[in-house]
Amino acid sequence: MQFHHDGYVSGDPRVQPARGTGINRPTEIPDQVDVLIVGSGPAGMLLAAQLSQYPSVTTRIIERRAGRLAVGQADGIQARSVETFQAFGFAERITQEAYRITSTSFWGPRDDDPAKIHRTKRTDDDANGISEFEHLIVNQARVLDYFAEAALQGPGRIEPDFGIEFVAQERDDHPTHPVLVTIRDSGATKEADDAALAAATGLHAEAARLAVNEATAPPTASIPTGGDDRPTRQIRAKYVVGCDGARSNVRRSMGRTLAGDQAFHAWGVMDVLPTTDFPDIRMKCAIQSAAGSILLIPREGGHLVRFYVDLGEVSADDAGKVRTTTVEETAKRANAILSPYTLEVQDVAWYSVYEVGHRLCDRFDDGVDADGTERAPHVFIAGDACHTHSAKAGQGMNVSMQDGLNLGWKLGAVLTGQSPAALLETYSAERQVVAQNLIDYDKTWSSLMAKKSAELADPDEMTRFYVDQAEFLYGFRTTYEPSMITGTGEHQALAAGFPIGKRFKSYPVARVADANFVQLGHQHRADGRWRLYAFADASGEALATFASAAPEVLARFTPEGADVDAVFDVKVVLQQAWQDVDLGEVPPLFLPKVGSLQLTDYEKVYAAIAPRDCLPAAPKMAVGTDFDADIFDAREVSRDGAMVLVRPDQYVATVLPLNAAGDLTSFLDGALQLSR
C-alpha cells in the first residue's frame, strides 16, 4: 500500500482523502446524479466501491431495506473474487475470518452394501494450480460490509441511501440526464423486515432475513413496504444500474424479462450446528447415494455447516407445495443419504427450499428501444437482475461481482471523459456471454448432483467433471472477445501465458527497490487505471526504445496537470536478478514523480525470480507451478521482450512488441479519448 503522496499520513492509510463529491456529501439525494445504483447486493456494492474512486462523478446507491444486510444467502467465494478483493485492499482481512476450502471429498455407495456410503476420492480443491488464492466460505453480509467500507473510504465517500425504493424509470430527450427516475420511501424498518420474513419462513427473525431468496421465494414472502399512496419523487440520472435481484424493477421498467427453464427439482438448504459421526463434516463434500444427494459446505467459525439436500423431482403442477417442506423433513432425508452415519441438528441458523431454475436476459442494457432501434445505453442491469441459476455452483455472488467490476470502471471512464460513450456498449456484449456460459455449466453440475448413484455413467463422473471444470469454477475461464478494449492475437506468442481477453495471471517477482518478493498481479488496484507492463532485458535495446517512445504515447491520454501515472500505471519486469539491477540506470519512465510533492515512486521496477526463492513470503503456491521457473518461463514471455497492456478490471487488453509504440497508439485511440 502506498501513501504519503501529499504529505505525512498518521491515520489509517486505507481512508483516502475526500475529494470532489466526497466533500460535504449531501444527506438528501440530489435532483440530478450521474449514476444511480439500485440495490446494495454484491454487484451494487462493488460498483459503488469502484465509482468511489471517481470523485468527480456523482453516484448514489439506493436500497429498499432499512439498513445493512444482516445475513446473506450466498457464501461461496471463488478465487477470482478473492483476487478482486485484493484489488480493493481487503483480501487478507476477509480470508482471516473465512473458512478456507483446500480439498473436496467425494462419497458414494459401498460395493458390498449400496444402502451405505463411503469415501470414494479426495481431490485438492485447486488440483491444477490455477490460482494462488483459495476458495473461501464467508457470509455474503460480510462481503457487503467490506465493499461498503471501501466505498465509504474512497475519495467519493459513497454510502447507501437505505429505505429508498425504486419505482420506475423512463428515457427521454433531456440533453444531459436522459433517465427520469421515480423513487419513494420504502417504509421499511428493521422491525417490519424481521416480522414479515419470520412470518413468511417460520424462523426466528435473525435467520429469517436470509430465507427469502428473490429468485425462488413465493410472492407471499416479499417484504411489505406500505401502500401505493406513498409520495414519490423524481430525479434525473445520466445512468441507472439495476442491481435489484431476480425480481428487478429496473429490468421490468426496461421492458426486459428473464427467459429460461425450470428443472423441476427441489433442494432443501440449511445452515446448522450439528452433532454427527460423519468423518468429513469439516470438509467440502459431494455425496451421492441410493437415497439422493448432498452437497456439504463447512462454514466459517468452526462449527456451522451448510447442507444442500436433494428433495427429489417436483411435478409441474406442484404450485409451490414443495416449499412447505420443513427443516425436520430435510434433516430426516439427510440422515437417509448419509447412512450409516447419523446427523443430529442442534440449532438451525437458516433454512430454505428452492427449485432449480436457469434464466437469462437477452440484453443487460437498454441499448435497443421499444421499436428495436439501436441507441446509446443509459440503463443497465447486473447480477440476479439479468441471470439466475442454482446455488450449488457457488457462482451467483461471484459472477454478480464481476458484472459490477466490468461496468464500474467503464462508467467512470466515460463520465470523466477518459473514454468515449461507446465503451459502455461493451458491458452487455461481454457479460451476457459469461452469464450464458455459467448457466450451461450450472445445468450440467446441477444435473450431476441430482442423480442418484445408480444413474451415473461411472462412479468418477462427478469427480472428473469437478476437476476438469475447475478453471471455470474458480472464475478464470472468462475470455472477452476482440473489441475496442480487447485486441486480437497477432503478437500473442510474445507472452503466451497472458492470453488476450483473459484476466492477468499473477506470478512472483522481486521488487528491486526494497528486495521484497511479491505477486505481480497483486499490485493491481481497483483505481480505474490501465496497467502497462514492459518485460525486458535491462541492458537491451528494446527496453530503451520502449522507454523513449512510451511517454509521448501515454501523455496523449493523460489530462494536463495530472500525475504522469494518473491513467497508466507503467511497470517494468527485468530478466536480471534484483541484485544485478541498478536503479540509477533504470529509465525515468519507471521512476515517476507523483503527488503534490513530486515524490519518486519506487514500486514500478521488478525483477524475475524463481518461486522456490520466495516460498516463505508466498505461503500458498499453486500446486502445478514449476518452482524453478521465473515469470518469463512460467508465463511464456519472450526473452526478446514484450509489452502487456491490462484493462482496469485486470483483463489483458493486448500484447505487443516493445518497439510497437505505433500499434499501442492505434489501440489506445479506440479505447480512450485524447486529453491533449
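Student: Which residues are buried in H13?
Tutor: Keep in mind that this is a predicted model. The buried residues in H13 are Leu-543, Phe-546, Ala-547, Ala-550, Val-553 and Leu-554.

Student: What covers the buried residues of H13?
Tutor: The cover includes two elements named here as examples, strand E21 (530-536) and helix H15 (661-671). Strands E22 (568-574) and E26 (642-646) are also among the covering elements.

Student: How many residues has H13, and what does it reach from its first C-alpha to its last?
Tutor: H13 runs over residues 541-555, which is 15 residues. Its reach is 22 Å, close to the expected 21 Å.

Student: And where does the kink in H13 lie?
Tutor: At Ala-549, with a bend of about 30 degrees.

Student: New topic. How many aromatic pairs does a search of the whole structure find?
Tutor: The search finds 20. One of the pairs is Phe-90 with Phe-147, which is edge-to-face, with 5.1 Å centre to centre and 85 degrees between the planes.

Student: Which parts does that pair tie together?
Tutor: Phe-90 lies in the loop between helix H2 (79-88) and helix H3 (91-97), and Phe-147 lies in helix H4 (residues 140-153), so the pair ties together parts that are 57 residues apart in sequence.

Student: Are Phe-90 and Phe-147 buried or exposed?
Tutor: Both Phe-90 and Phe-147 are buried.

Student: Which residues do ring pairs link into a cluster?
Tutor: Phe-85, Phe-88, Phe-90, Tyr-146 and Phe-147.

Student: Last one: what lies over the face of Phe-476?
Tutor: Arg-503 does, at 3.7 Å from the ring centre.

Terms used. Residues numbered from 1 in each chain as written. Predicted model: local features only at pLDDT ≥ 70, side-chain atom pairs only at ≥ 80, totals over all residues. Heavy atoms only, no water. Helix = DSSP H or I, 4+ residues; strand = E, 2+ residues; numbered from the N terminus. Expected span 1.5 Å × (residues − 1). Bend = angle between axes of the 7 residues up to and from the residue. Buried < 20%, exposed > 50% of the residue type's maximum accessible area, 1.4 Å probe, protein only. Contact = heavy atoms within 4.5 Å. Phe/Tyr/Trp six-rings, centres within 6.5 Å; stacked < 30°, edge-to-face > 60°. Lys NZ or Arg CZ within 6 Å of the ring centre and 35° of its normal.
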